[in-house]
Amino acid sequence: MDAERSALTTLCKEFDALIGETRLHSAERQELLERIVAEARARRPVLTLLGQLLNTDRETTLRTLATGLPGAGPGIARQETFRCPDGACDRTAVPPPAGAIPRCAVMGRPLERG
């Protein structure tokens, strides 16, 4: 899988947890996350910026993304799945039954039924 696509997928999937984790740190890290989101929305590469946020080199960032971003926990499987609204990443979300439709954290749009 393309590294940038994987980075975008992980960013979107674990965005809320990453926001929570970043709030525990400096304003500089919060600004860096805002920059990452702006770059992701513009569909520009974010892998290097995520590495800066995580204080890791490229290879370590790739390994970290493969296991999830800091502050994010495992998901819970449910019946209905949703996917990226414009196909830019491979995120899938599974909300609780009758729960709200998940939204793309990068673009702010609802995910599409998968």
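Modeller: A search of the whole structure, which is a predicted model, finds 5 salt bridges. Side chains of opposite charge can pair when their charged atoms come close.

Take Arg113 and Glu80. Their closest N and O atoms are 2.2 Å apart. Glu80 has a relative accessible area of 38%, so it is partly exposed.

Next, Glu112 and Arg83. Here the closest N and O atoms of the salt bridge are 2.8 Å apart. Glu112 sits in strand β3 and Arg83 in strand β1, which links distant parts of the chain, 29 residues apart. Glu112 is partly exposed at 34% relative accessibility. Arg83 is partly exposed too, at 39%.

Then Glu39 and Arg44. Their side chains form a salt bridge at 2.7 Å, N to O. Glu39 has 19% relative accessibility; the cut-off for buried is under 20%, so Glu39 counts as buried. Arg44 has a relative accessible area of 44%, which makes it partly exposed.

Helix α5 covers residues 58–67, and its buried residues are Thr61, Thr64 and Leu65. Seen down the axis of α5, these residues fall within an arc of 100 degrees, so they line one face of the helix. They pack against α1 and α4. The face turned away from the buried side carries the exposed residues Arg63, Ala66 and Thr67.

Last, the nonpolar core. The largest one has 27 residues. Leu8, Leu11, Ile36, Leu50 and Val106 have the most contacts inside it. Four helices each supply at least two residues of this core: α1 (3–13), α2 (15–23), α3 (27–41) and α4 (47–54). Two of these, α1 and α4, are also what the buried residues of α5 pack against.

To recap the pairs: Arg113 with Glu80, Glu112 with Arg83, and Glu39 with Arg44.

Note on methods: Residues are numbered from 1 along each chain as its sequence is written. This is a predicted model: local features need pLDDT of at least 70, side-chain atom pairs count only at pLDDT 80 or more; totals for chains, interfaces and linings use all residues. Side-chain values use heavy atoms; hydrogens and water are left out. A nonpolar core is a set of buried Ala, Val, Leu, Ile, Met, Phe, Trp, Tyr and Cys residues joined through side-chain atoms within 4.5 Å. Buried means under 20% relative accessible area, exposed over 50%, partly exposed in between (1.4 Å probe, protein chains only). The arc is that of the directions from the helix axis to the C-beta atoms. Contact means heavy atoms within 4.5 Å. A salt bridge is a side-chain nitrogen of Lys or Arg within 4 Å of a carboxyl oxygen of Asp or Glu.
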